[in-house]
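Open the model in your viewer and keep the selection tool ready. We will go stop by stop.

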Amino acid sequence: MTGRLASRDGRGAARRAATALLAAAAVVGAAAACTRRPPRSHAVAIRSFTFQPATLTVALGDTVVWTNEDVVPHTATARSGGWDSGSLSTRQSWRFVADAPGHHQYFCVFHPNMQGAIEVR
Ligand SMILES: [Cu+2]
């Protein structure tokens with residue numbers, strides 16, 4: 001009687017362990033199937049005549065949002081000519097969706113010494 005009960009408990013424990021293993025395998029499988037993360041948004045502050053951060057690495061599909069925190073207008077303008085925020089006044093924002101991989105160097109047309117770079121991977 002005691003032996004049979006112990007044996008039955010043993011089978012139950014084995015079944016529970018097997019269930020736990022299957023659950024763990026399902027979690028690992030789900031993680032592997034979901035390697036692409038949803039798009040993110042990255043903020044670049046234009047502050048004290050600098051882009052902060054000056055360099056940024058983002059994933060394809062991510063958005064970069066520049067916000068002018070200075071009291072004078074600035075731009076975020078690609079050296080390639082591919083994109084341009086136009087003049088951003090105080091507290092104005094402009095967003096860019098990183099839709100092509102590559103290295104984007106940009107600057108402010110009003111203050112060309114203001115420079116930044118976006119790396120899209
Ligand atoms: Cu500027």
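Two residues are in contact if their C-beta atoms, placed from the backbone, lie within 7 Å. This is a predicted model: local features need pLDDT of at least 70, side-chain atom pairs count only at pLDDT 80 or more, and totals for chains, interfaces and linings use all residues. Residues are numbered from 1 along each chain as its sequence is written.

Select Ala98. Setting aside neighbours within four places in sequence, Ala98 is in contact with Val58, Leu60, Gly61, Asp62, Val64, Ile118 and Val120.

Now widen the selection to the largest nonpolar core, which has 12 residues, including Ala98, Val64, Trp66 and Phe96. Such a core is a set of buried Ala, Val, Leu, Ile, Met, Phe, Trp, Tyr and Cys residues joined through C-beta atoms within 7 Å. Buried takes 20 or more other C-beta atoms within 10 Å of a residue's own; exposed, 12 or fewer; partly exposed is in between. At least two core residues come from each of β1 (41-47), β4 (63-68) and β8 (115-120).

Strands here are DSSP runs of E, at least two residues, numbered from the N terminus. They pair if DSSP finds at least two bridges between them.

Show the open sheet next: 4 strands, ordered β2-β1-β4-β6, with mixed pairing. Its edges are β2 (50-52) and β6 (93-97), each pairing on one side only. Zoom in on β4 and β6: they run antiparallel, joined by 5 bridges. Val64 stands opposite Phe96 in β6.

Last stop: Gln92, in the loop between β5 (77-78) and β6. Is Gln92 buried or partly exposed? Gln92 counts as partly exposed because it has 15 C-beta neighbours inside 10 Å. Its C-alpha atom is 5.7 Å from that of Thr67, 25 residues apart along the chain.
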